[in-house]
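Thanks for coming, everyone. Let me put the chain up on the screen and walk you through a few spots.

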Amino acid sequence: MKTAKVFFYVQHLLGIGHLVRASRIARALAEDDFRVTMISGGTPVAGFPGPPIDLVALPPLKAAPGFAGLEDMNGKPVTESLKSMRCEQLLAALRRNAPDAIVIEAFPFGRRQMRFELLPLLAAAREMRPRPLILCSVRDILQDVRKPGRLEETASIVQDYFDLVMVHGDPSFAKFDETFPAAHSVADRIAYTGLVAGPTPKSAGEKFDIVVSAGGGGAGLQLVKTAIDAASRSERQLHWCLITGPHLPTADLQALSAKIPPNLHLFAFRNDFAELLGAARLSVSQAGYNTVCDILQANCRALLVPFAEGGESEQTIRADKLAAMDQATVLLEKNLATEALLRAIAACLIRAPPKPHGLNLRGAEGTREILRRYLTKD
């Protein structure tokens, strides 16, 4: 088969989870002789997607506070002219690449804010000759949908434009229809890839007893502050590592740095996060998709504080499922306080490490195999 060209769209708005997962998949494709062009519309993050992926960076957008719309990097509401500029750049990149396959991350199950450019992209792709394969790349657990008609609208977009929905999960852990009740209407287009974990971690260069992480950092300030206070009150022989995430505001990071106790090391980001988990006695984190995949890959003790602000349900569902499998302990965000965190950590440290879970963590490779199979169909 000739080298297949993949056009991969991803938009991260608050954290970096969508970008990390998409980058893991893109690298797995590139390792198998796919030529991947990634179109990223969020805040640039050093190292992502990384070589050898070709990157097309659209003018970056982010979520406004409280997810109240979109804003540019200056914190101003997005204008119609900026939307038009992004849409034109996106369509021009599509024409230049003439891909064999288009992969759109999250939409239409998420990222509805980006319809202004994604619906024109899908319409243009459908008219191309030869027509590229059109696929959705989506995590296994979705945010709860409350608006009437939203589920039916999403299913209709899938039926109109998409050849396949690649669900990045293991159905023995989470079935897609649990959080997307209209899945039956597109059941013939759903394929599970496995969970998209990173490579098997190597031995860590540094070792910490407790590794606390706040994902991308855009929504983990409460956990970060509580962890610093907990470390200052904990047993001095316990060595803590706190990773705030690259999106924690600089002013907050500077203010926190003045409160760091001697037994805690503070970092904005660590490329060796997976290795640190493998060597740690305990991981304390939110319950985002990528962090959980890293925890499962490391098979370490885990205390999860799922993000639940603004009615967010996805992380709580994931954390509860892991707790039911005896793979993690859950401390609800509403109960997060220094003494509660210290008690939960003490209880976790005396527990035996989790038993092997048997979940499929080869989602990047599974995605690659699915793409290869569909592109070689007659």
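Predicted model: local features only at pLDDT ≥ 70, side-chain atom pairs only at ≥ 80, totals over all residues.

Residues are numbered from 1 along each chain as its sequence is written, and side-chain values use heavy atoms, with hydrogens and water left out.

Okay, helices, which are DSSP runs of H or I with at least four residues; strands are E runs of at least two, and both are numbered from the N terminus. The axes of H2 (residues 80-97) and H3 (residues 115-127) come within 9 Å and cross at roughly 25°. Those axes are lines fitted to C-alpha atoms over the stretch in contact, with angles from 0 to 180 degrees between N-to-C directions. So H2 and H3 are roughly parallel, a label for angles under 35 degrees. Contact here means heavy atoms within 4.5 Å. On the H2 side you've got Lys83, Arg86, Cys87, Leu90, Leu91 and Leu94, and they meet Phe116, Glu117, Pro120, Leu121, Ala124 and Ala125 of H3.

Next, Leu70, which is in strand S5 (residues 70-71). Leu70 counts as buried because its relative accessibility is 13%; the cut-off is under 20% relative accessible area, with a 1.4 Å probe and protein chains only. Among its contacts beyond four places in sequence are Leu13, Val78 and Phe116.

Last one: Thr193, in the loop between S9 (190-192) and S10 (210-213). Thr193 is buried too, at 3%. Its contacts beyond four places in sequence include His168 and Gly366.

Key: Parallel < 35°, antiparallel > 145°, perpendicular 65-115°, else oblique. Buried < 20%, exposed > 50% of the residue type's maximum accessible area, 1.4 Å probe, protein only.
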